[in-house]
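User: I've got a new model open and want to walk through it with you. Can we start with the helix packing?

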Amino acid sequence: MMFSPELMRRVLAYPIEKALKSFGYLPVRRNARALVFICPFHAEKTASFRVNRRSNQYLCQACGAGGSVVRIYKEFENIADEMTAIAHVAHIIGISSKELRLQRNVPRQLTYAERMDADPARWRAKLDWQQRTRDDRKAKLLRGEDPW
Ligand SMILES: [Zn+2]
């Protein structure tokens, strides 16, 4: 199961800076490209945790922790799975539970025709089988046997 690309775009755009602020972390430095924090995932005195402002992704240059705003919440809120963490951020940015359900792409089973269409060889195999069956019946009829 997945959320739609549109929902993911909105969720992933929620600024990591705001997320970290809600957990009590403020940037110690900022420039045009990045915000720099004391890493929340390891003990350090020199700030190594950089948030890229354009991509809204983080990377700690000391411990290697990295990811998106979804991962921030997953780690801080101790959320076990990705989908729940995404839903958590979605709620924070004001997406309702109803909309969240609508934005879910629930994979469904393909219909028989879709499975066949996905693989032309299967159609050919089916047609060949039908032809063989017909030929077989014809041959039995000619031999005076019961074709069924
Ligand atoms: Zn770190």
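User: Which residues of α3 meet α4?
Analyst: This is a predicted model. In it, V69, V70, Y73 and K74 are the α3 residues that meet α4. On the α4 side the partners are E82, A85, I86, H88 and V89.

User: What's the angle between α3 and α4?
Analyst: About 105°, with the two axes 9 Å apart. Angles of 65 to 115 degrees count as roughly perpendicular, so α3 is roughly perpendicular to α4.

User: Which residues of α4 are buried?
Analyst: A85, I86, A87, V89 and A90, in a helix that spans residues 82-92.

User: And what covers them?
Analyst: The cover includes β1 (2-3), α1 (5-12), α3 (69-76) and α5 (97-102).

User: Why does A87 count as buried?
Analyst: Because A87 has 22 C-beta neighbours inside 10 Å, and the cut-off for buried is 20 or more.

User: Take V89. What does V89 touch?
Analyst: V11, Y14, V69, V70 and Y73. That leaves out residues up to four places away in sequence.

User: OK, core next. Which residues touch the most other members of the largest nonpolar core?
Analyst: I16, V69, V70, Y73, I86 and V89, out of 20 residues in that core. Contributions of at least two residues each come from α1, α2 (16-22), β3 (34-37), β4 (49-52), α3 and α4.

User: Which element gives the largest share of this core?
Analyst: α4, with five residues. As a general point, nonpolar side chains in soluble globular proteins tend to be buried together.

User: Switching to the sheet. What's the strand order?
Analyst: β2-β3-β4-β5-β6, an open sheet of five strands with antiparallel pairing. β2 and β6 (66-67) are the edge strands, each pairing on one side only.

User: How many bridges join β2 to β3?
Analyst: Two, and the strands run antiparallel. R30 has L35 of β3 as its bridge partner. The pair forms a hairpin, with three residues between the strands.

User: And β3 with β4, how many bridges there?
Analyst: Four, again antiparallel. F37 stands opposite F49 of β4 in that pairing.

User: What about the β5 and β6 end? How many bridges?
Analyst: Two, in the antiparallel sense. L59 has G66 in β6 as its bridge partner.

User: Back to β3. Which of its side chains are buried?
Analyst: L35 and F37, which point to one face.

User: Zoom out. What domains does the assignment give?
Analyst: Domain 1 covers 2-105 and domain 2 covers 112-142, according to the domain assignment. Their centres are 54 Å apart, taken over C-alpha atoms.

User: Pick Q131. Which helix is Q131 in?
Analyst: α7, which runs over residues 120-142.

User: Buried or exposed, that Q131?
Analyst: Q131 counts as exposed, with 10 C-beta neighbours inside 10 Å.

User: How far is Q131 from A87 in space?
Analyst: 53 Å, C-alpha to C-alpha. In sequence the two are 44 residues apart.

User: And from Q131 to F41, what separates the C-alpha atoms?
Analyst: 66 Å, for residues 90 apart along the chain.

How values were computed
Residues are numbered from 1 along each chain as its sequence is written. This is a predicted model: local features need pLDDT of at least 70, side-chain atom pairs count only at pLDDT 80 or more; totals for chains, interfaces and linings use all residues. A residue is buried if 20 or more other C-beta atoms lie within 10 Å of its own, exposed if 12 or fewer, and partly exposed in between; C-beta atoms are placed from the backbone. Two residues are in contact if their C-beta atoms, placed from the backbone, lie within 7 Å. A nonpolar core is a set of buried Ala, Val, Leu, Ile, Met, Phe, Trp, Tyr and Cys residues joined through C-beta atoms within 7 Å. Domain bounds come from an automatic or database domain assignment. Two strands pair if DSSP finds at least two bridges between them. Axes are lines fitted to C-alpha atoms, for helices over the stretch in contact, and angles run from 0 to 180 degrees between N-to-C directions. Angles under 35 degrees count as roughly parallel, over 145 as roughly antiparallel, 65 to 115 as roughly perpendicular and the rest as oblique.
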